[in-house]
Amino acid sequence: MKAWLLLAVIIGSTVTADLLQSHEMKRHGEIHDFRPSGVGRVLASLARKRNLILSIVCMAVSFFAFMPLVQVADLSFAVPASAGSLVIETILARVILKERVDSRRWIGAALVAGGVWLLAL
Amino acid sequence: MSLQLRWKTPAFAAIVVLSNVVGNLFLKWGMGHADEITPSPLSFIRAIFNPWVSLGICLLILWMLSKMFFLSWADLSFVLPVTAFGYVLTTVFSHLFLGEHITTARWAGTFLIATGSVLVGLGTPQSGKST
């Protein structure tokens, strides 16, 4: 019961974090400069984005729920089961972020979700 | 797809997957040797200072940053299923290094995830916005 409760917290906060992160990184635009100074400039600019800060808070919530989860459950359960967020995220990527998700991606995501379900048995 | 995008995409996919898998492995190993977590913040702080947990956290920070960079040019619906390959590696590593018993259903799930990841990976990382 404790494991499933922790899992629900992880999935909810991961979905929120990924959507906020994707939205903000798309607004920022593609990163081309991977030199240390360029990466530093990007990080300094990203540290001021409200959605990104919120996404990091959500990731922290997810992480602090994951820590006790790996104490009470196998890693081979905890990690794949947390992928339950994938299906929700694919749907929300289409609905909220307006990404074009083709049929191959839908089938792939569905297979991944089916696999996660089997792993959780 | 430009030449830079062609190497950048598989390189970042590899960094995102490996930092997550190895980071989780270290975290599980460290948490397995730490005191039981209670709702008290002190128990979290004690656990964080376990060297294996610290190492795991460093790798998970690398995972978070590399995923953020990846998302600057690739769609979320592409990034997430591709990196789901990490779940397969996690299951294999959990069996090899942590001695976890993996049932037939879990192995079947692992292969299903691998198939799904490959299927999604055959697409392009940028689909653009729907109209």
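**Figure 1. B:Ser72 touches chain A.** B:Ser72 touches A:Met25, A:His28, A:Gly29, A:Glu30 and A:Ile31, leaving aside residues up to four places away in sequence. Two residues are in contact if their C-beta atoms, placed from the backbone, lie within 7 Å. This is a predicted model, in which local features need pLDDT of at least 70 and side-chain atom pairs count only at pLDDT 80 or more, while totals for chains, interfaces and linings use all residues. Residues are numbered from 1 along each chain as its sequence is written, and chains are lettered from A and ligands numbered from 1 in the order in which they are written. B:Ser72 sits in the loop between α3 (51-70) and α4 (76-83) of chain B. Helices (H or I, at least four residues) and strands (E, at least two) are DSSP runs, numbered from the N terminus. Is B:Ser72 buried or partly exposed? B:Ser72 is partly exposed, because 19 other C-beta atoms lie within 10 Å.

**Figure 2. Chain B meets chain A.** Here 46 residues of chain B are in contact with 44 residues of chain A. Which elements of chain B give two or more residues to this side? They are α1 (3-32), α2 (41-48), α3, α4, α5 (85-98) and α6 (104-121) of chain B. The most comes from α6(B), with 12 residues. By class, this side of chain B has 24 nonpolar, 16 polar and six charged residues. Ala, Val, Leu, Ile, Met, Phe, Trp, Tyr, Cys and Pro count as nonpolar, Asp, Glu, Lys and Arg as charged, and the others, Gly among them, as polar.

**Figure 3. A:His23 in helix α1 of chain A.** A:His23 lies in helix α1 (residues 2-28) of chain A. A:His23 is partly exposed, because it has 18 other C-beta atoms within 10 Å. A:His23 touches A:Asn51 and A:Leu97, again not counting residues up to four places away in sequence. How far apart are A:His23 and A:Ala110 in space? They are 23 Å apart, C-alpha to C-alpha, and 87 residues apart in sequence.

**Figure 4. The length and end of α1(A).** The expected span of a helix is 1.5 Å times one less than its number of residues. The 27 residues of α1(A) should therefore span 39 Å. The end C-alpha atoms of α1(A) are 39 Å apart, which agrees. Just after α1(A) comes A:Gly29, with a positive phi of about 100 degrees.

**Figure 5. α1(A) packs on α3(A).** Two packed helices are described by the angle between their axes and the distance between the axes. Axes are lines fitted to C-alpha atoms, for helices over the stretch in contact, and angles run from 0 to 180 degrees between N-to-C directions. The axes of α1(A) and helix α3 (residues 50-72) of chain A come within 8 Å. They cross at roughly 155 degrees. So α1(A) and α3(A) are roughly antiparallel to each other. Angles under 35 degrees count as roughly parallel, over 145 as roughly antiparallel, 65 to 115 as roughly perpendicular and the rest as oblique. The crossing of α1(A) and α3(A) is left-handed. A crossing is left-handed if the near helix is turned anticlockwise from the far one by less than a right angle, and right-handed if clockwise. The contact of α1(A) with α3(A) holds 17 nonpolar, eight polar and two charged residues.

**Figure 6. α5(A) packs on α6(A).** Helix α5 (residues 85-95) and helix α6 (residues 103-119) of chain A pack at an angle of about 160 degrees. Their axes are 9 Å apart. α5(A) and α6(A) are therefore roughly antiparallel to each other. Their crossing is left-handed. Which residues meet here? A:Leu86, A:Val87 and A:Thr90 in α5(A) meet A:Ala109, A:Val112 and A:Ala113 in α6(A). This contact has five nonpolar, one polar and no charged residues.

**Figure 7. Buried residues of α6(A).** Among the buried residues of α6(A) are A:Arg105, A:Gly108, A:Ala109, A:Val112 and A:Ala113. The 17 residues of α6(A) should span 24 Å at 1.5 Å a residue, and the end C-alpha atoms are 24 Å apart, which agrees.

**Figure 8. Each chain as a whole.** Chain A has six helices and zero strands. Chain B also comes to six helices and zero strands. The C-alpha trace of chain A spans about 45 × 35 × 25 Å along its principal axes. Of the 121 residues of chain A, 45% count as buried. Of the 131 residues of chain B, 46% count as buried.

Key. Buried ≥ 20, exposed ≤ 12 C-beta atoms within 10 Å, placed from the backbone.
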